[in-house]
Amino acid sequence: MQEVTTLTQEPKKRVKPSVNWLKILPWLVPLAFLMSWQAAVSFNWVTSSLIPAPSTVIQDGISLWQSGELPKNIAISLYRATAGFAIGGSVGFALGLINGLVKPIRALLDSPIQMLRNIPHLSLIPLMIILMGIGEPAKIALVAIGVMFPMYINTYQGIVGADPELLEMGRAYGLSRRALFTRVVFPGALANILMGVRYALGVMWTTLIVAETISATSGLGYMATNAQEFMRMDTVLLCILIYALLGKLSDMIAKSLERLFLGWRQGGTEND
C-alpha cells in the first residue's frame, strides 16, 4: 500500500527563485559606476566643479523638471527622433523589400543606394542647413537619412538570404508567389529586419545629438550646448544621462519586439 501511494504521488514542483537575477544583472554595472562616481566626488578624488556628483545632477534635473524646461526639451527631442525614425525606417524598409524581391529594380537602385550609404550622413549637415534652413525639417531629415540605411541593408539581406530549400519545398507544395512571401521569405527575413530596427534606433539617437547641437534652439542637445557655454556641468551630465536612458529604453523596445515576433524561434525560452 505504501508503494502504491508513493507511485501515485505528484512530483515535486520546482520552486522558482523569487528574484530574477538575469533582469537585475544588466543594471549592476551602471549602478556600480554611479556609486563610484559619487564616492570619488565625496572623498575629493575628483573636483566637484569639474565633475559634479550624481546627487547634484539629480537635483538639477528635479529643478529643471519643476520649471518645465526639461520636459519640454525631452518632448521636442522625442518628436524629432520618432518622426525621423518613422520616415527613414519606412523608406529603408520599402527599398530593402523592393530591391530584395525584384531583380530589375535591384540592378537599378542597389548600387546608387550603396554609394550614398558610404557617405557619412553627419557630413550632410551643411547641405541640410542650406536646403532646409535650421528648423525642424532639417533635423528630422538628418535623422531619417541616418536611420534609412541600417533598415535598408538589413531588410535587403534578410529578403535575398531566404533559404532556397524552403523556397523549393514551397513551390513543390504549390504555394503561390504571395504565399511564398508571407509564409517563407518574410518570416525568414524578420530576424534581420528587427536587427535593423535595433541598430537604427542607436543611429537615431547618435544623429539627433549632433543635429541638436548645431543651430538649434530647443531639445536635449541644445540644453547641453547652452549649459556648456555657461560651464554648467551638472546640466551637461544630466543631458548625457537622459540620452543614455532613452537609448536603453529604445533597446528594450527593440528586444520586446524580437520576443514578440520571434518567440517561436526561441522554443519557449526567455530571450535576453
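Which helices cover the buried residues of H11? I opened the predicted model with this in mind.

**Entry: helix H11**

I first listed the buried residues of H11, which spans residues 220–229. They are Leu 220, Gly 221, Met 223, Ala 224 and Ala 227. I then looked down the helix axis: the buried residues of H11 fall within an arc of 160 degrees, so they line one face of the helix.

Next I looked up the cover over these residues. It includes helix H4 (54–67), helix H5 (69–101), helix H10 (177–212) and helix H12 (233–262). That settles my opening question.

I also checked what comes after the helix. Met 231 follows H11, and its phi is positive, near 55 degrees.

**Entry: nonpolar cores**

I turned to the largest nonpolar core, which has 36 residues. The members that touch the most other members are Leu 70, Met 204, Trp 205, Leu 220 and Ile 242. I had already noted Leu 220 among the buried residues of H11.

I asked which helices each supply at least two residues of this core. They are helix H3 (28–42), H4, H5, helix H8 (136–160), H10, H11 and H12. H10 gives the largest share, eleven residues.

**Entry: aromatic pairs**

How many aromatic pairs does the structure hold? I get five, and I wrote up two of them here.

For Phe 43 and Trp 45, the ring centres are 5.4 Å apart and the planes stand at 25 degrees; stacked requires under 30 degrees, so this pair is stacked. I looked up how accessible the two residues are. Phe 43 has 56% relative accessibility and counts as exposed. Trp 45, at 63%, also counts as exposed.

For Phe 181 and Phe 186, the ring centres are 5.8 Å apart and the planes are at 45 degrees, so I logged the pair as tilted.

Key: Residues numbered from 1 in each chain as written. Predicted model: local features only at pLDDT ≥ 70, side-chain atom pairs only at ≥ 80, totals over all residues. Heavy atoms only, no water. Phe/Tyr/Trp six-rings, centres within 6.5 Å; stacked < 30°, edge-to-face > 60°. Buried < 20%, exposed > 50% of the residue type's maximum accessible area, 1.4 Å probe, protein only. Helix = DSSP H or I, 4+ residues; strand = E, 2+ residues; numbered from the N terminus. Arc of directions from axis to C-beta. Contact = heavy atoms within 4.5 Å. Core = buried A, V, L, I, M, F, W, Y, C linked by side-chain atoms within 4.5 Å.
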